[in-house]
Amino acid sequence: MSDFLLECGALTRRWWIHFRRNLGSSIFGVFQPLMWLLLFGFAFKGVAAGRAEAFGTGDYIAFQTAGLLAIAVLGNTLFGGVPFLFDQESGFLDKMLVAPIARSALFVSRFVFVTAVSTVQALLILLLVALLGVRVATGVGGLALIVVYTALLAAGLTAISIAMAFALRSHAAFFAITGFLMTPLLLVSSALVPLDVMPAWLRVAAYLNPLTHGIEPMRYLVLGRGGASVLLTSGAALLAFDAAFVAIAIRTMRARME
Amino acid sequence: MTAAGPTSDTAAVHIRDLVKVFKGETGGDIRAVDGVSLEIRAGEIFGLLGPNGAGKTTTIRILATLARPTAGLVRIFGREPVAEPDAVRKLIGYVSQEVAVDRTLTGRENLALQAGLFHLRGEEARSRIDEVLALVELADRADDVARGYSGGMKKRLDLAIGLLHRPRLLLLDEPTLGLDIQTRRRIWDFVLRLRAGGTTILLTTHYLEEADRLCDRIAIVDRGRIRAEGPPAKLKEALGAHIVSVRLATPNGTAADVEAALRGLDFVAGVKTIGGGPGAGGDAGAEVAIRPGTSGDAAVAAVLKTLEARGAPVARLGYAAPTLDDVFLWHTGHELTEARGAETGAQG
């Protein structure tokens, strides 16, 4: 095993042990996206009826499914840097920084862990909506691609969170900014409302939101309607987003030397 | 540029004219380290002795690749921390002042994490983990979550983590801060055993006893500068056979003519006055170093007489062989415990 894989493995194992030993709050986080299903899914259940043109389906819950997957990713990733905030406070971060590890291993371990949690959540959500009659239209291949887009969306968002944790160094500033980002990222996207029914300005803003580029391909994979080209265009947009923010995060971590 | 001396590549630590300036909270610059030069030999225990805020921790953090020097040269076994951080990280073990163990992990899991970060694999990792657990006497609690450990156990685990990759240089920042006497003795024991095994140790402390009993050589650090350096015994000897310390009843400083008069006594090796001018507050007085071969009683009587003749009433007078506290006082003009008290008072 290469040194890099050994580093990433040791760190990922640490996150997993934390998850296991704090099972109560971990489980709470896993089920958090379901709140949106309850609040919106059932309240707006009828809103898509007869508007399949805009929603791609007459069933709002089927429409919303891709949005729920993205919300799960958003919740996990935006707080993906939080362990480093606590490590900074306890002095444990220094212990990791004086080890001869690639700084990128810190990012990779969080990314792997957060993506794994998001994938489990995605499967739970898909299982639950299946009980409500929603089937992934593109089958097992589509399911595999959903995991790929989960990872693509998670990488850049995790990087943002880690960059903030290293740059801000304060819990108050970190949570103020993530709290501030959460709502617009969620609402200015196609998570709960289709792009077609948005006013033009909102649609432009939604296209600039990485969440939309995670949702649109996943929505295509769930509903099996619309153009498959979205897999490529949004995939490319996510790759560009990931490359930019992963680079920023690693730079921020390297600059950590006082 | 200072040309590197012939010893600088073989020395465990070579520091030349090190300066570290921080941006203060209010915009002003803080010179935490202000021109420090040091040479630490392989295999010795070297202590940085000084109050909080003296620049000890900053120096250690620069050596540990956690902070960047503003100016000056730093080498660890010939390697520069800024140029080759990963090479230096493999050579050093760093144990910070605050206990930095992952409390959610067991002792063994903490060590397994460290093994991964230092690229130790399989059987080698397992046997080293058992070895350091035995060394710090934690083997029987290794599989308990660290949250339940006592303060001393957490510190010992922290030391074990710092030792796992067998560093050639161990950096210990205040290794016994806030620990009870028993745990402190135990840690001194580990440190001495490590030196016997060939590890070089650089530690910071503001405990005089720790510096005195543990260190082969010490440097007295105050306000970012080294004020004196050498083996504790030599530093004490340099102050003379005995020290007469006097504190005056009036806290408005020792007049220059009193100092001159004391220096004029033929058995006096040196005089250090203490305390500021009028209104400075705190103790005022002098430390008077006595030449070897002088009768202590005669010296005390003569010092008393001299001071009273100059109208400087004596409040307290002590007479003893020099301690490290005297050495500190001699070189910095204030007592270590006073400086520390003021510092912790400001923090708390």
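Which residue in strand 4 of chain B does V19(B) stand opposite? The structure examined here is a predicted model, in which local features need pLDDT of at least 70 and side-chain atom pairs count only at pLDDT 80 or more, while totals for chains, interfaces and linings use all residues. Residues are numbered from 1 along each chain as its sequence is written, and chains are lettered from A, with ligands numbered from 1, in the order in which they are written.

In this model V19(B) stands opposite A71(B) of strand 4 of chain B, where strands (E, at least two residues) and helices (H or I, at least four residues) are DSSP runs numbered from the N terminus. Strand 1 (residues 13-23) of chain B runs antiparallel to strand 4 of chain B and is joined to it by five bridges, two strands being paired if DSSP finds at least two bridges between them. Three strands of chain B form an open, antiparallel sheet in the order 2-1-4. Strand 2 (29-40) and strand 4 (71-76) of chain B stand at the edges, and because each has a single partner strand, one side of each is left without a neighbour in the sheet. From one strand to the next the twist averages 25°. Helix 1 (residues 56-63) of chain B packs on this sheet, touching strand 1, strand 2 and strand 4 of chain B, and its direction makes about 115° with that of strand 1 of chain B; axes are lines fitted to C-alpha atoms, for helices over the stretch in contact, and angles run from 0 to 180 degrees between N-to-C directions.

Chain B is divided into domain 1 (13-231) and domain 2 (240-321), with bounds that come from an automatic or database domain assignment. The C-alpha centres of these two domains of chain B lie 39 Å apart.

The contact between the chains takes 22 residues from chain A and 24 residues from chain B, two residues being in contact if their C-beta atoms, placed from the backbone, lie within 7 Å. On the side of chain B that touches chain A, helix 2 (85-91) and helix 3 (107-117) of chain B each supply at least two residues, and helix 3 of chain B gives the most, with four residues. Not counting residues up to four places away in sequence, A160(B) touches L111(B), V132(B), L133(B), L135(B), V136(B) and L138(B).
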